[in-house]
Amino acid sequence: MSGGVLMASGNITIGDHRGVIHVAGLTVDLDVVWTSLIAAGIVLTLGFMMVRKVTSGVPGKLQLFWETITEQVSDLADSAIGPQGRRFVGLGVTVFFFILICNWLAFIPSGDPGYLAPPTGDVNLPLAMAVTVIALVHYNSIRARGFKGYLKHYATPYAALTPINIIEEITKPITMTFRLFGNIFSGVLMVTVIVTLIPPYLSWIGLAVWKPFDELFIGAIQAFIFALLTIMYLGMGMSTEEH
């Protein structure tokens, strides 16, 4: 039995991509690029469709869906930042929907390696999003506190804690990245393990149970957590001693 597992483990490949090019010494995974563009296109299309059909009367299903998500993010922004956080509602909603679509693309069968593999299962996209969010956090922190107040908050509540506060800021994009990437990548790896180690006549049972749970439910949870952290970090960055 152990010999069979070892033999099967040799057939498991990790990190394969559907199309790779090299530009200026950098490796570009084309499947990550096109799935990211597909997800962005779907989010924009749904947004434009909602704008065209928006009404002050009885809302349609699409408008009701958007309004429900927007209200939830608005309540979250109000509690984390206050009234000034309303301008970040659009950011929170967009982040949620974009990551959700990226994660849900994996539910569509597209081969191995898949043409529609979730781009969030590659560390580059979560890292780029996390760095962008943290850059916005520091930018808005400087605007809200002033440059001196921004520097001063690293010494709060005690100057001796400055190194720890700096390390905490550095680790924020790292934890955001690997929280999203790790959960999505582990789901993709689990599917590979099921297909490789379980006989074909039984593997479909494991996939029928695992894929909806992981790619639909866990994918939605991870999208919500990333959007939640985005709003929370903005709130923490913009807070002052008086607030």
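Okay, let's start with the strands: strand 1 (residues 20-23) and strand 2 (residues 26-29) run antiparallel and are joined by four bridges. Strands here are DSSP runs of E with at least two residues, helices are runs of H or I with at least four, and both are numbered from the N terminus. Two strands pair if DSSP finds at least two bridges between them. At one end, V20 has D29 in strand 2 as its bridge partner, and V23 stands opposite L26. The hairpin has two residues between the strands, and A24 takes a positive phi near 55° there.

Quick word on the model. It's a predicted one, where local features need pLDDT of at least 70, side-chain atom pairs count only at pLDDT 80 or more, and totals for chains, interfaces and linings use all residues. Residues are numbered from 1 along each chain as its sequence is written, and side-chain values use heavy atoms, with hydrogens and water left out.

Now the whole chain. It has seven helices and two strands, and along the sequence they read α-β-β-α-α-α-α-α-α. Of its 243 residues, 37% count as buried, meaning under 20% relative accessible area, with exposed being over 50% and partly exposed in between, using a 1.4 Å probe and protein chains only. Take the contacts with a separation of 6 or more: 66% of them come from residues 24 or more positions apart. Contact means heavy atoms within 4.5 Å.

On to helix packing. Two packed helices are described by the angle between their axes and the distance between the axes. Axes are lines fitted to C-alpha atoms, for helices over the stretch in contact, and angles run from 0 to 180 degrees between N-to-C directions.

So how do helix 3 and helix 4 pack? Helix 3 (residues 61-80) and helix 4 (residues 89-104) sit at an angle of about 125°, with axes 9 Å apart. That makes helix 3 oblique to helix 4; under 35 degrees is roughly parallel, over 145 roughly antiparallel, 65 to 115 roughly perpendicular, and the rest oblique. On the helix 3 side we have F65, W66, I69, T70, V73, S74 and A77, meeting V89, G92, V93, F96 and F97 of helix 4. By class, this contact of helix 3 with helix 4 has nine nonpolar, three polar and no charged residues. For the classes, Ala, Val, Leu, Ile, Met, Phe, Trp, Tyr, Cys and Pro are nonpolar, Asp, Glu, Lys and Arg are charged, and the others, Gly among them, are polar.

Helix 4 also packs on helix 2 (residues 30-53), at about 130° and with axes 9 Å apart. Helix 2 and helix 4 are therefore oblique to each other. S36, A39, A40, I42 and V43 of helix 2 make the contact with F97, F98, I101 and C102 of helix 4. Those residues divide into eight nonpolar, one polar and no charged.

Two last stops. The peptide bond from T156 to P157 is cis, with omega near 0°, and P157 is in the loop between helix 5 (124-152) and helix 6 (162-197).

Leaving aside neighbours within four places in sequence, T230 is in contact with L91, V95, V133 and M176.
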